[in-house]
Amino acid sequence: MFYIILLIFFGVLFLVAELVLLPGVSIGALLSLVCYGSSIYLAFRDHGTVTGILVIVVILVLSLIAVVVSLRAKTWQRFSLKQEIRSSSMSVMPADVLKVGDRGTTLSRLSPMGKIEIGGQTYEAKSQGAYVDPQRAVEVVGFENFSVVVKPVTGAEG
């Protein structure tokens, strides 16, 4: 009888581990089923039909209690993060501050992405076409997501 109780205990333990610690992995669920099946087999084999049915009922009741307790909101709050993220990658969209035709200087090589400076502000930029070396003049030609699309300013233009 000790082994039957021990197997039921481990079955419940593996079920709770599956629900709380390892969701979606199914290792805990498989181990739980093995423990439950073994305890039911031992109960029927060693103690008869009445004990076997009693073990099945006990397993069902304990499993139901374990599932309800594991899925309660307060149980999950113990494992969840409590921090809030109050920052963003950019405070404003570049399109709200810049306009097509604005000029600036590359801070890093645009290959094709890099950093530019326009009006004392640093922006993530994407070159239109070729690579652009650092400290080169560029002109805004558009916007893509949170990036500024630029092209190099040639000597004839400015």
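I started at Pro112, which lies in the loop between strand 1 (103–106) and strand 2 (113–118). Strands here are DSSP runs of E with at least two residues, helices are runs of H or I with at least four, and both are numbered from the N terminus. The peptide bond joining Ser111 and Pro112 is cis, with omega about -15°.

Housekeeping before I go on: this is a predicted model, where local features need pLDDT of at least 70 and side-chain atom pairs count only at pLDDT 80 or more, while totals for chains, interfaces and linings use all residues. Residues are numbered from 1 along each chain as its sequence is written, and side-chain values use heavy atoms, with hydrogens and water left out.

Next loop: I found Gln135 between strand 3 (121–127) and strand 4 (137–144). Its phi is positive, about 60°, although Gln135 is not a glycine. Is Gln135 buried or exposed? I get 58% relative accessibility, so Gln135 counts as exposed (over 50%; buried is under 20%, partly exposed is in between; 1.4 Å probe, protein chains only).

Then the helices. I looked up helix 1 (residues 2–20) against helix 3 (residues 49–71): they pack at about 25°, with axes 10 Å apart. The axes are lines fitted to C-alpha atoms over the stretch in contact, and angles run from 0 to 180 degrees between N-to-C directions. That makes helix 1 roughly parallel to helix 3 (under 35 degrees; over 145 is roughly antiparallel, 65 to 115 roughly perpendicular, the rest oblique). The crossing is right-handed, meaning that the near helix is turned clockwise from the far one by less than a right angle.

Which residues meet there? On the helix 1 side I noted Ile4, Ile8 and Val12 among them, and on the helix 3 side Val55, Ile59 and Ser63 are included. Contact is heavy atoms within 4.5 Å.

I stayed on Ser63 in helix 3. Ser63 is buried, at 14% relative accessible area. Leaving out residues up to four places away in sequence, Ser63 touches Leu15 and Tyr36. The side chains of Ser63 and Tyr36 are joined by a polar contact of 2.8 Å (N or O atoms within 3.5 Å, one able to donate a hydrogen and the other to accept it; residues adjacent in sequence count only if both atoms are side-chain atoms).

Last stop was Ile65, also in helix 3. Ile65 is partly exposed, at 47%.
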